[in-house]
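Work through the two exercises below with the sequence and the model in view, and try each task before reading its solution.

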Amino acid sequence: MTVLWQKTRLTDWVGAGMSSSEDESDRTIVMRKAVAGGAAVNIGHYLAFSQDAELRRVPIAPGGLVIGRAPPAALVIPAPDISRKHCRIDIEGDRAIISDLDSTNGTFVGGERVKQPTRLRNGSQLSLGSFPIRYERRDKSEVAEEAELASELRRAADYVRAILPQPISEGPVQTDWWFVPSSQLGGDAFGYQFLDDGTFTGFVLDVSGHGIGSAMHAANVANVLRRRALPGVDFRDPAQVAAGLNAMFPEEEHNGLLFTLWYFAYEPPTRQLRFCSAGHHPSFLVAPPEGEPVPLWLRGPTIGMMPRGNWAVGRTEVPAGSRLYVFSDGAFEIVESNGRQWVIEDLRLIMKNAGRPGVSEPQRLYEAVRAATAAGPLEDDFSVLVVRFA
């Protein structure tokens with residue numbers, strides 16, 4: 001569609017994407033104006049809601065839509081407090097009308113129970129029982145563009161998952177992890193491997209920003225580490241690894257992208273752990289029997305920020321049976337449903353608690369985070385790597 005962005009009087013926009021409804025609050029405003037020969041804005045009606053931690057946007061057909069818990073409803077939402085045939089939305093001209101179908105738990109619009117056919121305003125908040133849905137009136141081409149972008153993000157997330165290592169369930173070092181990309185897809189990546197001499201190395205990195213660019217940059221860095229493609233670098237030395245990455249990935253050559261890194265090298269015969277933090281927060285070591293999670297952290301510059309930097313190497317002995325938690329900030333920079341902002345201490349306290357039978361430790365942390373947050377996708381990638389030392 002050919003459009004021209006320009007300053008103009010508000011009245012000039014009526015008929016170019018703005019509904020001329022008598023209700024000011026219900027106007028669908030699309031701030032662009034078609035010039036001669038351009039296509040008119042094509043408005044559609046949609047329902048937006050969260051399902052399986054993802055945002056869904058469902059179009060309402062001209063013939064209307066029945067919502068219920070099971071077929072023959074056109075939109076099936078298998079929530080326990082939604083009736084089999086819960087409500088119906090009809091399209092009458094440019095209006096959407098919602099009617100309750102004698103549901104058990106009621107249909108609500110803006111907190112008011114629907115007792116008769118009710119017109120929906122753009123952005124109306126619906127509740128089917130306790131299930132939240134938002135009604136939107138949107139430009140169909142913009143919705144299609146958003147859907148294509150979401151598809152590209154999913155493909156990028158699939159690629160990031162594809163390069164993640166398999167968990168290790170046997171041997172002197174065992175690993176498990178949990179990775180859930182955010183709705184925008186961040187720049188998290190992690191990995192681990194045994195070097196030829198038996199030293200076990202691993203890392204978690206977090207690229208600045210969100211989107212496909214950050215995700216692909218994270219995957220590129222992870223592949224470099226996985227293939228040990230840093231010339232002249234001893235991968236048993238965390239400081240050398242940080243310096244090698246800093247030389248290979250300066251921000252001015254990578255669209256201004258920076259990344260933090262927590263890298264470690266472990267020697268099973270001596271039980272010595274060496275680690276380096278490049279702009280990353282601490283990781284935590286928990287020794288048996290369920291001791292206090294000890295932070296492992298030394299200050300170091302973020303990768304790509306400066307031409308050169310100094311990264312100190314920390315050292316600690318790992319008692320048998322210990323667990324090492326390495327994670328991205330998306331695991332603790334969350335907001336509870338009551339509005340309270342988490343800090344890293346909140347996650348540390350969860351680490352201290354005893355595990356649950358049949359549930360992996362990374363999964364237990366993820367479930368605790370999801371229980372504390374509001375419904376919907378997390379704002380940042382959730383990446384937790386847990387290493388157990390036999």
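**Exercise 1.** Find which backbone oxygen lies 3.4 Å from a polar atom of the side chain of glutamine 174, and then describe the surroundings of that glutamine.

*Solution.* The oxygen belongs to the backbone of glycine 171, and it lies 3.4 Å from a polar side-chain atom of glutamine 174. The model is predicted, so that local features need pLDDT of at least 70 and side-chain atom pairs count only at pLDDT 80 or more, while totals for chains, interfaces and linings use all residues. Residues are numbered from 1 along each chain as its sequence is written, and side-chain values use heavy atoms, with hydrogens and water left out.

Leaving aside neighbours within four places in sequence, glutamine 174 is in contact with Ile168, Ser169, Val386, Val387 and Arg388, where contact means heavy atoms within 4.5 Å. Finally, glutamine 174 and alanine 390 are 216 residues apart in sequence, yet their C-alpha atoms are 7.5 Å apart in space.

**Exercise 2.** Determine at what angle helix 2 and helix 3 pack, and which residues make the contact.

*Solution.* Helix 2 (residues 212–227) and helix 3 (residues 238–248) pack at an angle of about 135°, with their axes 12 Å apart; helices are DSSP runs of H or I with at least four residues, and axes are lines fitted to C-alpha atoms over the stretch in contact, with angles running from 0 to 180 degrees between N-to-C directions. The contact is made by Val221, Val224 and Leu225 of helix 2 together with Val241, Leu245 and Met248 of helix 3.

Note on methods
Helices (H or I, at least four residues) and strands (E, at least two) are DSSP runs, numbered from the N terminus. A polar contact is a pair of N or O atoms within 3.5 Å; within protein, one must be able to donate a hydrogen and the other to accept it, and residues adjacent in sequence count only if both atoms are side-chain atoms.
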